[in-house]
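Subject: Two-chain model for you

Hello,

Here is the structure for you to look at. My notes follow below it.

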Amino acid sequence: MSIEQPRGSHDLQQSESGEVEHPERFENPGLPPHRPRLGDEDPKANKRSEHQVVVLFVISIIATIAAIWGFFAFPVDGLQVGNVRMSTLVIGLGLGLGMLGIGVGAVHWAKTLMNDHEKVEERHPQRGDDATRAEAVDIMREGVEDSAIARRPLIKGALGTAVAIAPLSFLVPLIGNLGGDWDISKFRHTAWASAPGGGRRYLATDPTDRRIKASEVTRGSMVHVQPWRLEEEENFLEEKTKAVVILMRLDPKLLKEPEEKKDWSYDGIVAYSKVCTHVGCPVALYEQQTHHVLCPCHQSTFDITDQAKVIFGPAKRPLPQLPITVDEEGYLYAQSDFHEPVGPSFWERER
Amino acid sequence: MKALAAGRRHRLAPVVLMTLALLFTGVVYAALAPSPAQAETPSAGEVEAGEKLFIANCSTCHGMNAQGTDHGPSLIGVGAASVHFQVATGRMPMDANQPQAEAKPPQFDEAETQQLAAYVASLGAGPGIPSEEQVDPALGDAANGGLIFRTNCAMCHNAVGAGGALTNGKHAPPLYDSTPTELYEAMLTGPQSMPVFNDATLTPDDKRDIIAYLMEQREPSPGGFSLGALGPVSEGLWAFAIGMSVLIGFAVWIGARSS
């Protein structure tokens with residue numbers, strides 16, 4: 001009484017200051033009164049639910065038969081596209097409805113017809129009694145003594161080693177497969193450096209591999225470029241991935257070129273790497289009216305008139321420019337490789 | 001007249017009527033059908049009619065002599081293909097100053113479009129309207145066309161030509177409804193934001209292969225619903241908006257008390 005008295009007055013003060021009064025402990029309200037369902041009292045409703053369940057199962061049966069019929073009715077051998085479509089559709093719908101009918105029927109059965117009286121299961125303490133616990137410890141100790149692991153160091157060492165090295169059987173291939181080739185100097189040069197035998201590396205159309213004359217690149221046009229005759233060389237796909245280029249011709253007056261890069265373009269024709277400097281998507285959505293090139297992955301936008309500088313999006317660096325010029329017959333070729341690594345950043349890059 | 005009325009219940013009447021109807025349709029079609037797109041040497045009358053149409057409909061923006069104004073570019077030397085593309089797809093005349101001239105029902109019929117094209121072509125040499133043979137998808141190699149399309153076109157127009165977004169409200173339109181002639185003209189002339197793919201960098205054969213590939217995309221897909229072929233966007237929307245709603249609906253139903 002002497003303890004509850006001050007608490008009571010404390011509670012009273014709280015309620016006076018406008019706060020809600022909380023009891024120390026909520027009473028267990030027990031289960032709400034059981035309400036019977038329609039079908040529990042009305043035999044007609046009960047019968048109706050039974051019919052509904054049967055209908056759901058019958059839908060499943062019909063759907064399964066339809067799926068089997070569909071398999072035979074729409075053979076997919078040969079190149080009949082319509083048949084493939086119908087076969088997939090009928091078998092898929094049959095399978096889906098077959099499963100759904102069983103599931104919905106079973107749930108409906110349980111909900112409407114099976115007994116729905118609320119039941120309470122008390123939770124039991126998880127801790128075993130002291131005698132059981134002592135017995136378990138004894139069994140463990142007996143096992144250790146019986147194996148005599150302390151007196152058999154050879155077995156102990158062999159087992160330890162076996163357990164320790166077992167994970168290597170999947171760790172070594174896992175790490176080894178990360179990359180067989182750790183030569184990152186490959187990032188720094190592309191196939192444009194020189195043709196096999198040290199000849200000129202001509203620009204060619206991708207994928208038709210025709211050499212391109214400067215006169216063929218008209219104002220407003222864009223050409224997707226790969227190094228000429230690269231297909232005959234080793235690691236063609238890897239090399240092509242690094243070396244793809246977009247070629248555009250603009251009004252030479254529009255181009256803002258620094259003095260040292262004046263001769264990298266030819267009469268308004270400029271070539272830039274097609275690999276985005278953000279994560280390496282092909283930057284090729286060229287708007288010929290605004291001279292912007294857009295990357296389809298994250299919308300980085302590069303201004304071709306101004307050194308392909310980034311004007312929007314997550315890319316950090318401008319697209320590397322490929323210095324080009326023409327030979328005696330007017331065909332475009334690369335003066336040299338790109339002057340910086342193409343594509344996204346990597347750890348060893350300076351910037 | 002009486003004989004006709006009496007004969008209308010004759011056994012052969014439907015056959016006669018059908019034959020007449022077919023003949024009538026054929027004659028009307030022949031009279032109204034668009035003439036083959038290749039206007040080799042437009043007559044002087046055609047150019048003259050085109051000039052009248054031009055002055056009445058286009059000169060406000062493009063100038064009385066198509067020399068261009070502050071509101072529209074010069075059309076001297078753009079060629080018949082460009083005019084035919086812009087007018088036949090309804091992009092020109094443009095109805096409002098907006099980021100992109102949208103395709104809409106054309107304002108001129110095929111004959112008038114040809115006259116306009118002939119007039120503009122007479123002002124300066126430019127790419128001409130391709131012949132039926134140049135754009136016939138049956139003569140193209142769809143597999144090679146797919147290869148070229150994926151490198152040159154798919155970034156903007158999507159791998160199957162479903163279209164895609166550009167910057168500042170511009171977009172690359174879907175190619176499902178374009179005619180082979182329009183496809184060829186668009187590649188040749190580079191309308192609006194689209195770059196030019198001239199005959200040197202994309203040969204006429206390459207262009208026809210691309211058209212064959214695009215025509216093949218219009219056939220039903222063996223994989224069922226393509227959901228617009230827009231990739232993860234429409235598929236994700238379907239999975240979240242519809243798939244998740246259905247799953248939540250089932251969960252609520254299973255947990256609900258039966259009445």
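Start with helix H5 of chain A, residues 130-147, in this predicted model. Helices (H or I, at least four residues) and strands (E, at least two) are DSSP runs, numbered from the N terminus. How does the span of H5(A) compare with what it should be at 1.5 Å a residue? Its 18 residues should span 26 Å, and its end C-alpha atoms are 26 Å apart, so the two agree. The expected span is 1.5 Å times one less than the number of residues. Just after H5(A) comes Ala148(A), with a positive phi of about 50°.

A word on conventions. Residues are numbered from 1 along each chain as its sequence is written, and chains are lettered from A and ligands numbered from 1 in the order in which they are written.

Chain A overall

Chain A holds eight helices and 10 strands. Its radius of gyration is 39 Å, whereas a compact globule of 351 residues would have one near 20 Å. That radius is taken over C-alpha atoms, and the globule rule is 2.2 Å times the number of residues to the power 0.38. The C-alpha trace spans about 105 × 70 × 70 Å along its principal axes.

Of the 351 residues in chain A, 33% are buried. Buried means under 20% relative accessible area, exposed over 50%, and partly exposed in between (1.4 Å probe, protein chains only). The accessible surface of chain A is about 23,300 Å², and 60% of it belongs to carbon and sulfur atoms. Areas come from the Shrake-Rupley method with a 1.4 Å probe; for residues, only the protein chains shown count as cover.

On charge, chain A has 39 positive and 50 negative side chains. The centres of the two sets lie 4 Å apart. Lys and Arg count as positive, Asp and Glu as negative; His and the chain ends are not counted. Each charge is placed at NZ of Lys, CZ of Arg, CG of Asp or CD of Glu.

Two loops in chain A

Check the loop between strands S1 (201-205) and S2 (222-227), where Pro207(A) lies. The peptide bond from Asp206(A) to Pro207(A) is cis, with omega near 0°.

His291(A) is in the loop between strands S5 (285-287) and S6 (292-294). It has a positive phi of about 60° without being a glycine. Is His291(A) buried or exposed? It is buried, because its relative accessible area is 13%.

Chain B overall

Chain B has 11 helices and two strands. From the N terminus, its elements run α-α-α-α-α-α-α-α-β-β-α-α-α. Its radius of gyration is 25 Å; a compact globule of 259 residues would be near 18 Å. The C-alpha atoms fill a box of roughly 80 × 70 × 40 Å along the principal axes.

Buried residues make up 40% of chain B. Chain B has 13 positive and 24 negative charges, and their mean positions are 17 Å apart.

Helices and loops in chain B

Helix H6 of chain B (residues 110-123) has 14 residues and reaches 20 Å from first C-alpha to last, close to the 20 Å expected. Its buried residues include Leu116(B), Tyr119(B) and Val120(B). What do the buried residues of H6(B) pack against? They pack against helix H3 (44-57) and H5 of chain B.

Ser82(B) sits in that H5 (residues 79-88). Ser82(B) is buried, because its relative accessible area is 15%.

The loop between H5 and H6 of chain B holds Pro93(B). The bond from Met92(B) to Pro93(B) is cis, with omega near -5°.

Last, Asn158(B) is in the loop between helix H8 (154-157) and strand S1 (164-165) of chain B. Asn158(B) is not a glycine, yet has a positive phi of about 75°. Asn158(B) is buried, at a relative accessible area of 17%.

Best wishes

Key. Heavy atoms only, no water. Contact = heavy atoms within 4.5 Å.
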